[in-house]
Amino acid sequence: MAAARASLGRILPESSILFLCDMQEKLRDRVLYFPQIVSMAARMLKVARILDVPILLTEHYPQGLGSTVPELGAQGLRTMSKTSFSMVPPLQQELDKLPQLQSVLLCGIETQGCILHTALDLLDRGLQVHVAVDACSSQSEMNRLVALARMQQSGVFLSTSEMLILQLVKDAAHPHFKEICTPEDCVRPPGAGLSGECETPDIGAQIYILVFCKSGKHS
């Protein structure tokens with residue numbers, strides 16, 4: 001099997017892993033778009049289970065921030081507690097057990113803290129990092145957007161959960177396609193826009209303006 005090309009950011013189920021970062025009870029009322037973020041991460045978790053993609057879950061200082069919210073659907077997963085902003089130190093041994101690993105799919109909170117630190121540590125290990133922007137958030141919109149731009153500057157691939165799921169499935173003839181991509185999900189996944197009912201401003205437009213227009217990369 002040919003290895004995925006890092007420059008293209010292709011992902012394969014057999015060489016990928018899903019990281020779920022710190023979606024905990026005490027952050028529920030602090031983090032922007034929390035229900036939508038958890039909904040999209042839960043969909044990523046469901047797909048990872050169907051496709052046998054390994055899953056790693058952390059909780060940041062659970063004594064103070066509480067346990068993982070039940071709506072994520074992570075019951076039965078082993079949870080690793082941490083105080084470091086990066087998920088990598090407590091998960092080091094688990095990562096070392098996966099020599100075929102090439103790509104990490106990253107969801108959770110907060111974008112400018114644990115997501116950013118985790119992404120940089122994973123890049124240091126020579127891994128591709130794919131951040132699902134509709135499954136990551138912060139208490140501050142500014143921190144959220146600037147952290148996404150900062151990660152992209154370092155080589156992180158910014159995607160949506162839908163983009164990542166369709167890359168993993170690859171073909172509508174996949175035996176689990178109908179289970180993974182219901183008509184409602186594939187047309188408009190829950191949480192699209194991440195800005196409430198009016199969906200203004202749209203996260204896609206925000207990221208485009210911040211990452212591309214501000215950097216002069218648009219044509």
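What follows is a walk through the sheet of this predicted model, the helices packed on it and a few residues in its loops. Residues are numbered from 1 along each chain as its sequence is written, and side-chain values use heavy atoms, with hydrogens and water left out. Because the model is predicted, local features need pLDDT of at least 70 and side-chain atom pairs count only at pLDDT 80 or more, whereas totals for chains, interfaces and linings use all residues.

The element to begin with is an open sheet of six strands in the order E3-E2-E1-E4-E5-E6, with parallel pairing. Helices (H or I, at least four residues) and strands (E, at least two) are DSSP runs numbered from the N terminus, and two strands count as paired if DSSP finds at least two bridges between them. Strand E3 (79-82) and strand E6 (157-159) stand at the edges with a single partner strand each, so one side of each is left without a neighbour in the sheet. From one strand to the next the twist averages 25°, where axes are lines fitted to C-alpha atoms, for helices over the stretch in contact, and angles run from 0 to 180 degrees between N-to-C directions.

Strand E1 (residues 16-21) pairs in the parallel sense with strand E2 (residues 55-60) over four bridges, and six bridges join E1 to E4, these two strands also running parallel. Leu20 has a bridge partner on each of these strands, namely Leu57 in E2 and Cys107 in E4. Helix H1 (residues 34-50) packs on the sheet and touches E1, E2, strand E4 (103-109) and strand E5 (128-137), its direction making about 140° with that of E5; contact here means heavy atoms within 4.5 Å.

E4 and E5 pair in the parallel sense over six bridges, and Gly108 stands opposite Cys136 in E5. The chain crosses from E4 through H4 to E5 in a right-handed β-α-β crossover, which is to say that, with the strands pointing away from the viewer, the path from the first strand over the helix to the second runs clockwise.

How much of E4 is buried? Seven of the seven residues of E4 are buried, so the strand is largely enclosed by the rest of the structure; buried means under 20% relative accessible area, exposed over 50%, and partly exposed in between (1.4 Å probe, protein chains only). In a regular strand the side chains alternate between the two faces of the sheet. In E4, Ser103, Leu105, Cys107 and Ile109 point one way, while Val104, Leu106 and Gly108 point the other way.

Thr111, in helix H4, counts as buried because its relative accessibility is 0%. Leaving aside neighbours within four places in sequence, Thr111 is in contact with Leu116, Cys136, Ser137, Ser138, Arg144, Ala147, Leu148 and Met151.

Two loop residues remain to be described. Asp52, in the loop between H1 and E2, has a positive phi of about 60° although it is not a glycine, and with a relative accessible area of 66% it is exposed. Tyr61, in the loop between E2 and helix H2 (62-65), likewise has a positive phi, of about 40°, without being a glycine, but Tyr61 is partly exposed, its relative accessible area being 43%.
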